[in-house]
Amino acid sequence: MANRKVSIWMYVKIGGRWRYAKPIEGRNHKLKPGWCVVEGVEQYHPRGAYYIRYREGAKTIWRKCSNAADATIARERQEVYLAAHAHGLTNA
């Protein structure tokens, strides 16, 4: 079975070290810009960067996005691409 899951992460500075954290989704299922969960607590990190994460076979791919809205769009596009690839549809 092909890998089709794509997730969004924030890369933020926590205690002097850069770490990945899950961003917070609002009630309308949109990402709250700058907000993420760190050790179970919601924190505001306005200087954090957004990344999407997915796998190509055994390889994990991290792709940087410019903001929360772009990360959401990139995730949706990558999920569609991976689903098409899993069904045998490729670029001709």
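The model is predicted. The protein has 92 residues, arranged as 1 helix and 6 strands. Read from the N terminus, the order of elements is β-β-β-β-β-β-α.

**Overall dimensions and surface**

- The C-alpha trace spans about 45 × 30 × 20 Å along its principal axes.
- Of the 92 residues, 30% count as buried.
- The accessible surface comes to about 6,700 Å², and carbon and sulfur atoms account for 50% of that surface.
- Counting contacts between residues at least 6 apart in sequence, 42% join residues at least 24 apart.
- The protein carries 17 positive and 7 negative charges.

**Strand pairing**

- Strand E5 (residues 49–56) pairs with strand E1 (residues 7–14) in the antiparallel sense, over 5 bridges. Within this pairing, Ile 8 has Ile 52 in E5 as its bridge partner.
- E5 is also joined to strand E6 (residues 59–65), again with the two strands running antiparallel, by 7 bridges. Here the bridge partner of Arg 53 is Trp 62 in E6.
- E5 and E6 form a hairpin with 2 residues between them. In the turn of this hairpin, Gly 57 has a positive phi of about 70 degrees.

**Positive phi outside glycine**

- His 29 has phi near 65 degrees, a positive value in a residue other than glycine. The residue lies in the loop between strand E2 (17–25) and strand E3 (31–38).
- The relative accessible area of His 29 is 61%, so His 29 is exposed.
- Glu 39 has phi near 50 degrees, which is likewise a positive value in a residue other than glycine. Its place is in the loop between E3 and strand E4 (41–44).
- Glu 39 counts as exposed because its relative accessibility is 77%.

**Cysteines**

- The structure holds 0 disulfides. Cys 36 is in no disulfide, and the nearest cysteine sulfur, that of Cys 65, is 16 Å away.
- Seen from Cys 65, the closest cysteine sulfur is in Cys 36, and the 16 Å between the sulfurs is too far for a bond. The cut-off for a disulfide is a pair of cysteine sulfur atoms within 2.5 Å.
- Cys 36 has a relative accessible area of 0% and is therefore buried.
- Cys 65 counts as buried because its relative accessibility is 8%.

**Gln 78 in the helix**

- Gln 78 lies in helix H1 (residues 68–86).
- With a relative accessible area of 8%, Gln 78 is buried. The cut-off for buried is under 20% relative accessible area.
- Leaving aside neighbours within four places in sequence, Gln 78 is in contact with Val 6, Ile 52, Tyr 54 and Arg 63.
- One of these contacts, Ile 52, is the residue in E5 that is the bridge partner of Ile 8.

Conventions
Residues are numbered from 1 along each chain as its sequence is written. This is a predicted model: local features need pLDDT of at least 70, side-chain atom pairs count only at pLDDT 80 or more; totals for chains, interfaces and linings use all residues. Side-chain values use heavy atoms; hydrogens and water are left out. Helices (H or I, at least four residues) and strands (E, at least two) are DSSP runs, numbered from the N terminus. Buried means under 20% relative accessible area, exposed over 50%, partly exposed in between (1.4 Å probe, protein chains only). Contact means heavy atoms within 4.5 Å. Accessible areas come from the Shrake-Rupley method with a 1.4 Å probe; for residues, only the protein chains shown count as cover. Lys and Arg count as positive and Asp and Glu as negative; His and the chain ends are not counted. The place of a charge is taken as NZ of Lys, CZ of Arg, CG of Asp or CD of Glu. Two strands pair if DSSP finds at least two bridges between them.
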